[in-house]
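Please open the structure in your viewer and keep the selection tool at hand. The tour moves from stop to stop.

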Amino acid sequence: MGLFSNYNKKSDERLMILTKVGDHRAFSHLYDRYAIRLKAYFYRMLWSDSSLADDFVHDLFSKIIEKPELFQEDKKFQPWLFRIASNMCKNAYRKKSFEIEYLNQLEKQGIELPVIDDKLDNEILADEIYKALEKLDEDRRSLFLLRYQQDIPIKELALLFELPEGTVKTRLFHIKKNLIGITEKTKNMINYGND
């Protein structure tokens, strides 16, 4: 147990360095530290699809185990990890955009398709903030979730997004202001409909 608890005290960067040399316990500790947080991030970024979020967590950790050498030892682990996660989301958006365009082209050509279960239309987010987040572009949504869901410090967000800390703070301020505006507008519409 002493050796096991020794891993709990190691920094993420040290655990990743140990992972690079084949230490499977170090990798397991990184997984335990980040899997739930990453699933929450992917869930909110990828259309509230729990199964897809699980797949993305698995894929991300598979990349780490297959190519640990991609981690540069002079960098912070957490921004590196969430940069990978963010890039995976961007790729998913591109793929989704391509699929939608393809389906639109087929529809224009009059080709009949089976009924498509579009989770974007059918799944309803319970939390009003997350509904509003869906309306933001991917970078702003990612920045907000990383800061307020994952508690990543401003300094690390600045590294992740390659922006000055002041710019990160300004963007977060405007995102919060925008979200408040969206939720207030929604509340007003609901209240108007109930009168």
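What follows is a list of selections, with a note on each.

This is a predicted model, in which local features need pLDDT of at least 70 and side-chain atom pairs count only at pLDDT 80 or more, while totals for chains, interfaces and linings use all residues. Residues are numbered from 1 along each chain as its sequence is written, and side-chain values use heavy atoms, with hydrogens and water left out.

**Stop 1: confidence.** Colour the chain by pLDDT, the predictor's confidence in each residue, from 0 to 100. The chain has a mean of 77, and 70% of its residues reach 70 or more. Confidence is highest in helix H3, at 92, and lowest in helix H6 (residues 119–122), at a mean of 33. Helices here are DSSP runs (H or I, at least four residues), numbered from the N terminus. Now select residues 112–127, where the pLDDT is below 50. Where pLDDT is low, the predicted coordinates should not be read in detail.

**Stop 2: two helices.** Select H3 (residues 24–45) and H4 (residues 50–66); their axes come within 9 Å and cross at roughly 145°. Axes are lines fitted to C-alpha atoms over the stretch in contact, and angles run from 0 to 180 degrees between N-to-C directions. Contact means heavy atoms within 4.5 Å. Residues making the contact include Phe27, Tyr34 and Phe42 of H3 and Phe56, Leu60 and Ile64 of H4.

**Stop 3: a cavity.** Which residues line the largest cavity? Select Asp139, Arg140, Leu143, Phe161, Leu163 and Arg171. A cavity is a set of points on a 1 Å grid over the protein atoms alone where a 1.4 Å probe fits but cannot get out, and lining residues have an atom within 4 Å of a point. Helix H8 (residues 138–148) gives the most to this lining, with 3 residues.

Note on methods. On a 1 Å grid over the protein atoms alone, a cavity is a set of points where a 1.4 Å probe fits but cannot get out, and a pocket is an open set with protein on both sides within 12 Å along at least five of seven lines; lining residues have an atom within 4 Å of a point.
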